[in-house]
Amino acid sequence: MPVKVMLPTALRAFADRQEAVELEGATVGEVLGRLAGRYAKLKEHLYTGDGKLRNFVNVYVNDEDIRHLKGPDTAVKAGDTVLIVPSIAGGSATAALPALSREELQRYHRHIIMPEVGTEGQARLKKARVLAIGAGGLGSPYTLYLAAAGVGTIGIVDFDTVDATNLQRQILYSSDSIGKPKLAEAKARLKALNPHIEVEPREERLTSQNALELFKRYDVVADGTDNFPTRYLVNDACVLAGKPNVYGSIFRFEGQVSVFDGKSGPCYRCLYPEPPPPGLVPSCAEGGVFGVLPGVIGTLQAVETLKLILGVGKPLIGRLMLFDALNMEWRTLKTRKDPGCPLCGNKPTITGLIDYEAFCNAGAPPAPAAVAEISVEELKGRLDRREPFVLVDVREPHEYEIARIPGSLLIPLGQLPERLSELSKEDDLVVHCKMGGRSMKAAKLLLEKGFKRVTNVAGGINAWSERVDPNVPKY
């Protein structure tokens, strides 16, 4: 009976979309070596150029991190499971607790009759100050349940407006919210749910300049971000400010939840010392997300936050919970504090906040020549004049089914390296995607491969729908 290797969604594209692979081997290193041998494209995402396992890839054997066993030399036997986990996004003193009004006693009755909460615990919730980073898919259920539970002050950091595509999962908002600032809509919704709480909207981008001062004002910080620079910023600021970080991340059908606390357990850097290369892990805007998934993960973040405030139960410090909604499977993995962690280890070298955009792009290849861009209006003009060029759509087939620009050639970004022969280096290529990000990557790849005339469509098909042809659906 061979060893089963479980592959996360982000890596399945490089392994013929396999969820699990069975391989022979006496050690983890042998099993992973055979895996890389079977799927050549997967090798560069698992190993560095000198053959070492990359730092942003963690490997578990039967839910135990191999870094705390014998690393790649960890022995495995028939029937074992090897799980690859790449990086994907309190309490108050009992003194001077606020009094609960008659209305609050009635509202929170189902809490108060629980011995784990009681009137003192409910007063703790009322006194607590919690900061949510993001008012999107995770922030929506998270803040709604904190408000319903009676957390006295909820801060929210966001600077976006509500878009129609948010409504599939961001339950703070309604159709009437489209086009309006998220924070104004979120505050109104939370106050309508519970007028006894305070909501502190902070319509600003979280940066290395404002994070520490902001975090010091709150008891717990919840990470609901969707990009790696902000994720590392939140982690580092939480450790330096001495605040627990209630972490959640989502992608397609999969989610992760944990509590990172540098004082009593590992931080995010202990689990993922470095971010994945830019572009390896697609965003939810590119890869999609099952609408109900952030409801599950955001609610679990709320559970952990309430436990931290109340001081009850066993929080997810030192544990990473994985959820696969498609197969309805849960896994809880042990995580350990890294003594050599540069942030929370025995001899920390990170004592202040850094440039996180630079940190998360440190492994990026040198930038190729600049890519020319055109607006959707210019593209329309070229089409109307019937100029000779090839319009390449690098979105996924299911996106192409929803909306397309007439005359475009569909070559998904992930298939582009293998389908270059379908394009001529003599042609004038114009590349587009949904919003311009993936097509920019495609354009850079084409330039690197020797194509001379490559132009990116700024704003993608969304801009085309907004400014050229409103009959093309916007998704």
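Guide: Let's start with a term: the radius of gyration is taken over C-alpha atoms, and the globule rule is 2.2 Å times the number of residues to the power 0.38. This is a predicted model, where local features need pLDDT of at least 70 and side-chain atom pairs count only at pLDDT 80 or more, while totals for chains, interfaces and linings use all residues. Residues are numbered from 1 along each chain as its sequence is written, and side-chain values use heavy atoms, leaving out hydrogens and water.

Visitor: What radius of gyration does the chain have, and what would a compact globule have?

Guide: With 475 residues, a compact globule would come out near 23 Å; the chain has 24 Å, which agrees. Its C-alpha atoms fill a box of roughly 75 × 60 × 40 Å along the principal axes.

Visitor: How many helices and strands are there in the chain?

Guide: These are DSSP runs, numbered from the N terminus: helices are H or I with at least four residues, strands E with at least two. The chain has 18 helices and 18 strands.

Visitor: How many residues does the largest nonpolar core have?

Guide: A nonpolar core joins buried Ala, Val, Leu, Ile, Met, Phe, Trp, Tyr and Cys residues through side-chain atoms within 4.5 Å; buried means under 20% relative accessible area, with a 1.4 Å probe and protein chains only. Here the largest has 41 residues, and Leu 146, Val 151, Ile 156 and Leu 190 have the most contacts inside it. Helix 13 (residues 293–310) gives the most to this core, seven residues. Apart from it lies another core of 31 residues, including Tyr 218 and Tyr 232.

Technical notes:
Buried < 20%, exposed > 50% of the residue type's maximum accessible area, 1.4 Å probe, protein only.
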